[in-house]
Protein chains: 2
Amino acid sequence: MDLLKNKIISDGRALPGDVLLVDSFLNHQIDVPLMREIGREFARIYQDMGITRIVTIESSGIAPAFAAAEEMGLPLVVMKKSVSSLLTEGILQTPVFSYTKGSTYHLTLKRRFINEGDRVLFIDDFLANGEAALGAAKLIEGAGAELSGIGIVIEKAYQSGRKKLLDAGYDVVALASVAAMDEGVIEFVK
Amino acid sequence: MDLLKNKIISDGRALPGDVLLVDSFLNHQIDVPLMREIGREFARIYQDMGITRIVTIESSGIAPAFAAAEEMGLPLVVMKKSVSSLLTEGILQTPVFSYTKGSTYHLTLKRRFINEGDRVLFIDDFLANGEAALGAAKLIEGAGAELSGIGIVIEKAYQSGRKKLLDAGYDVVALASVAAMDEGVIEFVK
């Protein structure tokens, strides 16, 4: 998706420690018109796959997933990273290690928000090592649904996430696949 | 906003412990068309106030704030509840006690995402004791901007939040104001 790649080039920053900083348009400040175009692109890609529900993880996945759900006219479910006092009944959980934060959180889903037989499109802002997507897959399947597609906004293609997900039999689409990064240099997969 | 009140009556649940459970349409599962209408309502209310930026707090504020930002054609900024390894430079922080979670988080804003002179509309999903909104106000003003309006989706009007915010000189609008709650009963402010 050229609009996204151009935005990554113009506004993203490759920092030391393999950090791709895109907080000026993707997760801290949000470029709303870009999210709308991302939603349209996901809708275009997945429109004929019989998707019945979109699932994401709080909080950076919400904006692109919201736009995609609206474009596709589908319900949206946001998996939580922690359990509050309001979320104790009928839940599914799995631990996910976040390399960014260096800690483990408990990915949480209230089971009744995914139906048996749902064909789920999972949307997230980033794919790197794939831990979050694998955790989401476990909960989606634990609810009796099928994970029909994994739609990623930005993928670090040189990390292990895509291979793990493909090996597990999932379909993965990234709107921008970063092939290599170094300070001041961002290259995309051709 | 009658559409919202009707949804709270039909799908919300008043639980023991002063809990208003609206996770089937507001924060865990998200009713996307309802969020769009909420965005339109905020746009209608604030359209003539010279707002230049919309600010919310992750993660339940994102969907209604996204819809409002899109309706108003304004940039959106999502304040974080924690600092990651990606968010260390040029930040403003303030502690906020969450009564729901029974713990304190550090509300965090990268200063450059709010400009001096911005007229900010702060949007959040809930107003109860007002701690989150007061924390947001502190960061917005710390960045040299003006907090021109506080737009809330659901307010517990019998708690102290609105009074604290009005006493501090802020404008508060809630699309649904709950006057009283008991098991199985939800009443709105007339």
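**Close-up views**

View 1. Helices (H or I, at least four residues) and strands (E, at least two) are DSSP runs, numbered from the N terminus. The model is predicted: local features need pLDDT of at least 70, side-chain atom pairs count only at pLDDT 80 or more, and totals for chains, interfaces and linings use all residues. Residues are numbered from 1 along each chain as its sequence is written, chains are lettered from A and ligands numbered from 1 in the order in which they are written, and side-chain values use heavy atoms, with hydrogens and water left out. The bond between Glu58(A) and Ser59(A) is a cis peptide, with omega about -10 degrees. In chain B, Ser59(B) is in the loop between strand 4 and helix 4 (62-72). There, Glu58(B) and Ser59(B) are joined by a cis peptide bond, again with omega about -10 degrees. Most peptide bonds are trans.

View 2. Asp18(A) belongs to the loop between strand 1 (13-15) and strand 2 (19-21) of chain A. Its phi is near 60 degrees, a positive value in a residue other than glycine. Most residues other than glycine have a negative phi. Asp18(A) has a relative accessible area of 30%, so it is partly exposed. The terms are set by relative accessible area: buried is under 20%, exposed is over 50%, and partly exposed is in between (1.4 Å probe, protein chains only). Asp18(B) takes its place in the loop between strand 1 (13-15) and strand 2 (19-21) of chain B. Phi of Asp18(B) is near 60 degrees, also positive. Asp18(B) is partly exposed, at a relative accessible area of 30%.

**View 3. An open sheet with strands from chains A and B.** Seven strands line up in the order 3(A)-5(B)-4(B)-8(B)-9(B)-10(B)-11(B), with mixed pairing. Strand 3 (29-30) of chain A and strand 11 (185-188) of chain B are the edge strands; each has a single partner strand, so one side of each has no neighbour in the sheet. Two strands count as paired if DSSP finds at least two bridges between them. Strand 3 of chain A runs antiparallel to strand 5 of chain B, over two bridges. Ile30(A) has Leu76(B), in strand 5 of chain B, as its bridge partner.

**View 4. Strand 5 of chain B and its neighbour.** Strand 4 (residues 53-57) and strand 5 (residues 76-79) of chain B pair in the parallel sense over four bridges. Thr56(B) is bridged to Val78(B) in strand 5. Ile57(B) stands opposite Met79(B). Both faces of strand 5 are covered. Leu76(B) and Val78(B) are buried on one side, and Val77(B) and Met79(B) are buried on the other.

**View 5. Ser148(B) and its surroundings.** Ser148(B) is part of strand 9 (residues 146-156) of chain B. Its relative accessible area is 8%, so Ser148(B) is buried. Leaving out residues up to four places away in sequence, Ser148(B) touches Met49(B), Ile51(B), Arg119(B), Val120(B) and Asp171(B). A contact requires heavy atoms within 4.5 Å.

**View 6. Pro33(A) on helix 3.** Pro33(A) is in helix 3 (residues 32-46) of chain A. With a relative accessible area of 57%, Pro33(A) is exposed. Ala67(A) is 34 residues from Pro33(A) in sequence; their C-alpha atoms are 9.8 Å apart in space.

**View 7. Chain A as a whole, for reference.** Chain A has six helices and eleven strands. Its C-alpha trace spans about 45 × 35 × 35 Å along the principal axes. The radius of gyration is 16 Å, which agrees with the value near 16 Å for a compact globule of 190 residues. That radius is taken over C-alpha atoms, and the globule rule is 2.2 Å times the number of residues to the power 0.38. Buried residues account for 56% of the 190. Of the contacts between residues at least 6 apart in sequence, 63% join residues at least 24 apart. The 20 positive and 25 negative charges of chain A have mean positions 3 Å apart. Lys and Arg count as positive and Asp and Glu as negative, while His and the chain ends are not counted. Each charge is placed at NZ of Lys, CZ of Arg, CG of Asp or CD of Glu.
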